[in-house]
Amino acid sequence: MGSQSGGGYTTSPSSFQALRRNVYTLSRRYPLDAENRFGKKVSDRTSEVVTATPLQTGQEFWRALSKGGKIREIQTKHGPGWIAEFSDRSHVVWRPMTTSAAKTGIDNPAVDIDVQTSGHGFPPRYRIH
């Protein structure tokens with residue numbers, strides 16, 4: 001997504017309810033599975049969303065899931081990324097370049113979802129490729 005992350009900046013982290021709303025809103029376009037995960041589960045910590053345009057789809061996930069979070073840029077092993085933090089310490093991370101993308105030269109971005117509030121039926125942590 002580069003410098004135009006478009007995640008909806010706020011002055012302080014917002015409630016977990018914002019992240020929950022974001023997940024349910026995005027699930028209208030990308031349905032959740034029985035475990036409330038996006039995509040197809042490929043391991044305990046990874047799901048895969050198959051698309052012809054992975055970078056654009058990753059950006060769509062980032063824009064939708066980061067709304068209402070406090071966004072800041074972070075440095076990753078393969079360049080810049082962004083994190084949206086919510087008041088309960090839940091967060092969403094967007095990495096346009098991942099290790100697998102660097103190795104293969106093929107777009108394979110990642111969105112990491114880390115949910116700190118329990119009891120809502122969401123997996124505590126997983127990555128979407």
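Let's start in the middle: the largest nonpolar core of this predicted model has 24 residues, and F38, F61, L65 and I113 are the ones with the most contacts inside it. The largest share belongs to α1, with five residues.

Skipping its neighbours within four places in sequence, F61 is in contact with L26, Y30, F38, V49, V111 and I128.

Now for the helix pair. Two packed helices are described by the angle between their axes and the distance between the axes. Here the axes of α1 and α2 come within 7 Å of each other and cross at roughly 140 degrees. Angles over 145 degrees would count as roughly antiparallel, so α1 and α2 are classed as oblique to each other. On the α1 side, L19, N22, V23 and L26 do the meeting, and their counterparts in α2 are F61, A64, L65 and S66. Sorted by class, this contact has six nonpolar residues, two polar ones and no charged ones.

How far can you trust all this? The chain's mean pLDDT is 85, with 84% of its residues reaching 70 or more. Residues 1-13 are where to be careful: pLDDT stays under 50 there, although the model has 30 contacts beyond four places in sequence for this stretch.

Key: Residues are numbered from 1 along each chain as its sequence is written. This is a predicted model: local features need pLDDT of at least 70, side-chain atom pairs count only at pLDDT 80 or more; totals for chains, interfaces and linings use all residues. Side-chain values use heavy atoms; hydrogens and water are left out. A nonpolar core is a set of buried Ala, Val, Leu, Ile, Met, Phe, Trp, Tyr and Cys residues joined through side-chain atoms within 4.5 Å. Buried means under 20% relative accessible area, exposed over 50%, partly exposed in between (1.4 Å probe, protein chains only). Helices (H or I, at least four residues) and strands (E, at least two) are DSSP runs, numbered from the N terminus. Contact means heavy atoms within 4.5 Å. pLDDT is the predictor's confidence in each residue, from 0 to 100. Axes are lines fitted to C-alpha atoms, for helices over the stretch in contact, and angles run from 0 to 180 degrees between N-to-C directions. Angles under 35 degrees count as roughly parallel, over 145 as roughly antiparallel, 65 to 115 as roughly perpendicular and the rest as oblique. Ala, Val, Leu, Ile, Met, Phe, Trp, Tyr, Cys and Pro count as nonpolar, Asp, Glu, Lys and Arg as charged, and the others, Gly among them, as polar.
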